[in-house]
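Hi,

Here is the structure we talked about. Have a look at it first, and then read on for what turned up.

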Amino acid sequence: MRVISISPLPPARDGIADYAGKLAQAYTDAGTTMAAVTTTADAARSSMPVLGLVSWSPMTWWRTYRRAAGWHADAVHLQHGIATYGPLLPPLWLLIAALRLKGARILVTHHEVTRDLERLGRPGRIYYRLVSMVTDVVHVHTEASAGVVRDVLKLPATRVLVVPHPVYDLPAFTTEPSELRRRHGLTDSTVLLFFGYVHVEKGLRELVEGLARLFELAPHLRGDLRLVIAGDVRPRPPAFSRFERADRDYLAAVLSRIEELGLTADVVTTGHVPAGEVGAWFRACDLVALPYTNTEQSGVAQLALAADVPVLATTAGGLAELFAGTLPIFRSLTPDGIADALAEQLRAPGNGWREQYARVRELGAPRRLAMEALARLGNSAAVPPSQRVAV
């Protein structure tokens, strides 16, 4: 089978780029011939031939379409997120529709469908229903997301594929974990890690409020337990600048709240984390916090799984599928709820969580998604008009 992967590719600073690269390798290992269409002008590190770029330029778009159509793909696998493509969404979906008319079957991995539908409301529902009309198979990472796709987008179960997000090997690091601890004054501390891009739905303010409450209830922990906020706000394209501004305002408010609560000595902020330090932070910490109020799936959770470090999470989105029942959870995001969960985790991290981690790693292996996708793409007929979604 011949498959075109459409996605950002390395060196783009985007988790979807890494995801697409590893999945392409799994397709190749399964005997599939791969090529790529991308948004990344510099895709020299791609292991696949790059057929062209998604672009508003009519000449670039037409050249990409001609090369992609001439490659005679059996299928196209699109890695999709609204924020990933921003203003490139119209030419992207025009390309998808054109390749489908040429006979390619379309599989789309929706990385943030739940969040997009909740944030965007009716326009989001209209958008996703429209793009579903040119999609043969929809892949999501959690049963919760699959329920949203079936219920809101009215897709039949036969068009929905659920395979968990893969757990990759922890990224190689150029800075030793012990050096990170020394640099930030954490040598003898118990490190609670909040990692990744900061935005309001990740519950950072709630975590800070809960940490302050924990120190009120258990003052002996002060000086030992330290919170590390390792990350910054996600840069956004101009069309989505209002989301970036909102996130920057939120982070500024959280930092002010840290000062108001007298937690300056208890919280370390690193700003942007260089690639060579990402894996090291997960080796350097004792516990990863995911106090998310809304999520679909979490790349941070996958890094924690790879590092074999315990996680304290809410049950938002797919987090319950990963952690509930094997590790303590945030039962609420009130200060007392956060404090109670932290205290419980510090006393006992739960039973059987390492075995659960091993099961998750196997279920989400890229080779499994590649095989499931190839089975769907090779054995199913095109979606009949009667199953297409009306807006």
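This is a predicted model: local features need pLDDT of at least 70, side-chain atom pairs count only at pLDDT 80 or more; totals for chains, interfaces and linings use all residues.

A residue is called buried here when its relative accessible area is under 20%, exposed when over 50%, and partly exposed in between (1.4 Å probe, protein chains only).

Numbering runs from 1 along each chain as its sequence is written, and side-chain values use heavy atoms, with hydrogens and water left out.

On confidence, pLDDT (the predictor's confidence in each residue, from 0 to 100) averages 89 over the chain, and 94% of the residues score at least 70. Be careful with residues 380-391, though: pLDDT stays under 50 there, and the model has 23 contacts beyond four places in sequence for that stretch. A contact means heavy atoms within 4.5 Å.

Now the overall fold. The chain has 15 helices and 12 strands, taken as DSSP runs numbered from the N terminus (helices are H or I, at least four residues; strands are E, at least two). The C-alpha trace spans about 65 × 40 × 40 Å along its principal axes. Of the contacts with a separation of 6 or more, 73% are between residues 24 or more positions apart.

- Lysine 154 sits in the loop between helix H6 (143-152) and strand S7 (160-162). Lysine 154 counts as exposed because its relative accessible area is 57%. Its phi is near 60°, a positive value in a residue other than glycine. The C-alpha of lysine 154 is 53 Å from that of histidine 220, 66 residues apart along the chain.
- Aspartate 308 also has a positive phi, about 60°, although it is not a glycine. Aspartate 308 is in the loop between helix H11 (299-307) and strand S12 (311-313), and its 27% relative accessibility makes it partly exposed.
- Glutamate 209 is part of helix H8 (residues 204-217). With 17% relative accessibility, glutamate 209 is buried. Beyond its neighbours within four places in sequence, glutamate 209 contacts Arg257, Leu261 and Pro335.

Cheers
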